[in-house]
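This briefing is for a reader who is new to the structure. Please look over the sequence and the model before reading on.

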Amino acid sequence: MLANSAFDPSARFVRVIDARSDGMIAFEFAVGDPALFVELLMPQAQFDAFCAEQAVTPTFGALAMAPDGSAEHEWDWSLSAAPAQHFRREP
C-alpha cells in the first residue's frame with residue numbers, strides 16, 4: 001500500500017509487464033494504490049485508449065516484496081510471475 005497516503009479511488013495506475021510481438025500489451029492496472037492491481041492483456045490500440053480514458057499514472061519496476069514469513073508475503077505474487085516464483089515445474 002502507499003506509505004503515508006490515504007486511499008484515493010480516483011488515482012489510476014498502469015505498469016506494463018510485456019509488449020508482446022503479436023501486438024498485445026500485458027499490464028497491471030490499479031485503482032487507488034499501485035499494489036492493488038489486476039493483470040490485463042489488450043491490443044496496443046485498445047491499451048492506449050484505455051490509458052487515456054482512465055487517465056493513468058505509469059508505474060515502473062517491480063513492487064517491493066513483503067518480508068519472508070509474513071502474512072503479506074503469501075499474497076506477494078502476480079499471475080505473470082507465478083510460474084517462476086511459486087509453482088514447481090515438473091520435468
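The model is predicted. Its chain has 91 residues, of which 30% count as buried. The secondary structure comes to two helices and four strands, in the order β-β-β-α-β-α from the N terminus.

**Whole chain**
- The chain exposes about 6,500 Å², and carbon and sulfur atoms supply 60% of that area.
- Among contacts with a separation of 6 or more, 34% are between residues 24 or more positions apart.

**Strand pairing**
- Strand S1 covers residues 12-19 and runs antiparallel to S2, to which seven bridges join it.
- S1 and S2 form a hairpin with four residues between them.
- Glycine 23, in the turn of this hairpin, has a positive phi of about 90°.
- Valine 16 stands opposite phenylalanine 27 of S2.
- S1 is also joined to strand S4 (residues 57-58), here by two bridges and in parallel.
- On the S4 side, proline 58 is the bridge partner of valine 14.

**Nonpolar core**
- The largest nonpolar core has nine residues: Val14, Ile25, Phe27, Phe29, Met42, Phe47, Phe50, Cys51 and Val56.
- Strand S2 (24-31) and helix H1 (44-54) are the elements that give two or more residues to this core.
- In soluble globular proteins, nonpolar side chains tend to be buried together.
- Beyond its neighbours within four places in sequence, valine 14 is in contact with Phe27, Glu28, Phe29, Phe47, Cys51, Val56, Thr57, Pro58 and Thr59.

**Glutamate 28**
- Glutamate 28 is found in strand S2.
- Its relative accessible area is 9%, so glutamate 28 falls under the 20% cut-off and counts as buried.
- The side chain of glutamate 28 makes a polar contact of 2.6 Å with the side chain of arginine 15.
- Glutamate 28 is also among the residues in contact with valine 14.

**Glycine 32**
- Glycine 32 is found in the loop between S2 and strand S3 (37-43).
- Glycine 32 counts as buried because its relative accessibility is 1%, against a cut-off of under 20%.
- Glycine 32 and alanine 11 are 21 residues apart along the chain, and their C-alpha atoms are separated by 4.9 Å.

Key: Residues numbered from 1 in each chain as written. Predicted model: local features only at pLDDT ≥ 70, side-chain atom pairs only at ≥ 80, totals over all residues. Heavy atoms only, no water. Core = buried A, V, L, I, M, F, W, Y, C linked by side-chain atoms within 4.5 Å. Buried < 20%, exposed > 50% of the residue type's maximum accessible area, 1.4 Å probe, protein only. Contact = heavy atoms within 4.5 Å. Polar contact = N/O pair within 3.5 Å; in protein donor to acceptor, adjacent residues only side chain to side chain. Pairing = 2+ DSSP bridges. Areas by Shrake-Rupley, 256 points an atom, 1.4 Å probe, with all protein chains shown as cover.
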